[in-house]
Amino acid sequence: MPVAASAIYFLNLRGDVLINRTYRDDVGGNMVDAFRTHIMQTKELGNCPVRQIGGCSFVYMRISNVYIVIVVSSNANVACGFKFVVEAVALFKSYFGGAFDEDAIKNNFVLIYELLDEIMDFGYPQNLSPEILKLYITQEGVRSPFSSKPKDKPVPNATLQVTGAVGWRREGLSYKKNEVFLDIVESVNLLMSSKGNVLRCDVTGKVLMKCFLSGMPDLKLGLNDKIGLEKESEMKSRPAKRFNSEKTVSFVPPDGEFELMKYRITEGVNLPFRVLPTIKELGRTRMEVNVKVKSVFGAKMFALGVVVKIPVPKQTAKTNFQVTTGRAKYNPSIDCLVWKIRKFPGQTESTLSAEIELISTMGDKKSWTRPPIQMEFQVPMFTASGLRVRFLKVWEKSGYNTVEWVRYITKAGSYEIRC
């Protein structure tokens, strides 16, 4: 989720509030006192830039002789918070002539308040581009006597730039063939018991796009109802509610390749493979291993580059294999039987059977710990989350035709099965 900041504070090194702005009413006005008492006065500022106190999280950074503190009352994207601070400081420096310290803040109170109202709305970051903001916040800051006035960069089509619609896309783009490529790439993380029971499972996914479109197009992407940005009870922003109700995303795309969104699923995961291992230890010198791998995805699909790594004891001396599909070998450097299947059709199963001879050691009486079996694979045109693209529409005022390409692929993240 985004930052969803409840408040932002600018403090000097003594802990005095130089300036602050409250964006939500879910935190009290005395939260800065908690920051001073529990963090500044205990000399713990350098230990961790994120602290939780009294149900609130403090994300803070020191710039020169100023601490910038963001207060959030719910789970938030900390990396996004730090990025906001860095870009906000760069914006302030562009107005103050390159300086950002306690004196620069005291000399530019009015300007900073105006900028804070523009760059964050209800706790969510907005446009922080200095070139765009200077088009309608024209007030000049009080500059340091040692700073030089930077040269202004020309901004084409200022009216559109101010709206924030095309701050990331230049004008005048032209292609002979207008195409859009959309990839949904997912990684499955699994921990399964030896009896086939799922102990832990989740899917992390990305929507990647590559656009070669002329002009200034508008794209509308429609998804099915398999993902939501937040639970309904946790949603406070209109964009999140709209996405959860309509499952559509409208945007002006950057030119070329970019990442549109990320998501994570913990429920309703469609596992591409099930693995059923049987390992029998016959005394101290022999083992029998039987591993059955079943593909659960559709019969018209197939997996590529399937690798099954079956751990064996370090004192393995000799192995004999039988596989129904693919090839297997013993790799002593990783203490595993490595079973490779180049192409694994859907709704099928393959079996590996192995007899293992062990070196008998009198000194080591510890039992074998049986590390988990690990899998690697890629399944094209399959999503473990069930996410599908309902439509991808491109509109541009010139009315040209476009070609849209959609591709799905699911990979193994940490895919482990206990023996």
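**View 1. Strands S8 and S22 side by side.** Val188 has Ala412 as its bridge partner in S22. Strand S8 (residues 179–192) and strand S22 (residues 403–417) run parallel, joined by 13 bridges. Helices (H or I, at least four residues) and strands (E, at least two) are DSSP runs, numbered from the N terminus, and two strands pair if DSSP finds at least two bridges between them. On another pairing, strand S20 (residues 373–380) is antiparallel to S22, with 6 bridges; there, Met375 stands opposite Tyr415.

A note before the next views: this is a predicted model, in which local features need pLDDT of at least 70 and side-chain atom pairs count only at pLDDT 80 or more, while totals for chains, interfaces and linings use all residues. Residues are numbered from 1 along each chain as its sequence is written, and side-chain values use heavy atoms, with hydrogens and water left out.

**View 2. The largest nonpolar core, around Tyr415.** This core holds 59 residues, and Phe273, Met375 and Tyr415 have the most contacts inside it. Strand S8 gives the most to this core, 6 residues. A nonpolar core here is a set of buried Ala, Val, Leu, Ile, Met, Phe, Trp, Tyr and Cys residues joined through side-chain atoms within 4.5 Å; buried means under 20% relative accessible area, exposed over 50%, and partly exposed in between (1.4 Å probe, protein chains only). Leaving out residues up to four places away in sequence, Tyr415 touches Val188, Leu190, Leu271, Pro272, Phe273, Ile373, Gln374, Met375 and Phe377, where a contact means heavy atoms within 4.5 Å. Another core, of 35 residues, lies apart from the largest one and has Ala5, Ile19, Phe84 and Ala88 among its members.

**View 3. Helix H1 and its cover.** Which residues of H1 (residues 31–40) are buried? They are Met31, Val32, Ala34, Phe35, Ile39 and Met40. Seen down the axis of H1, these buried residues fall within an arc of 160°, so they line one face of the helix; the arc is that of the directions from the helix axis to the C-beta atoms. Their cover includes strands S1 (7–12), S2 (17–22), S3 (50–53), S4 (56–63) and S5 (66–72).

**View 4. A three-stranded open sheet.** The strand order is S11-S10-S21, with antiparallel pairing. S11 (248–251) and S21 (389–395) are the edge strands, each pairing on one side only. From one strand to the next, the twist averages 10°, with axes as lines fitted to C-alpha atoms, for helices over the stretch in contact, and angles from 0 to 180 degrees between N-to-C directions. Between S10 (residues 218–223) and S11 there are 4 bridges, and Leu219 has Phe251 of S11 as its bridge partner.

**View 5. Val252 in its loop.** Val252 sits in the loop between S11 and strand S12 (256–265). Is Val252 buried or exposed? At 12% relative accessibility, Val252 counts as buried. Val252 and Val394 are 142 residues apart in sequence, yet 9.7 Å apart in space, C-alpha to C-alpha.

**View 6. Two cysteines and the whole chain.** Cys201 is buried, at 17% relative accessible area, whereas Cys80 is partly exposed at 26%. With a disulfide taken as a pair of cysteine sulfur atoms within 2.5 Å, the count is 0. Zooming out, the protein chain has 7 helices and 22 strands, and 43% of its 419 residues count as buried.
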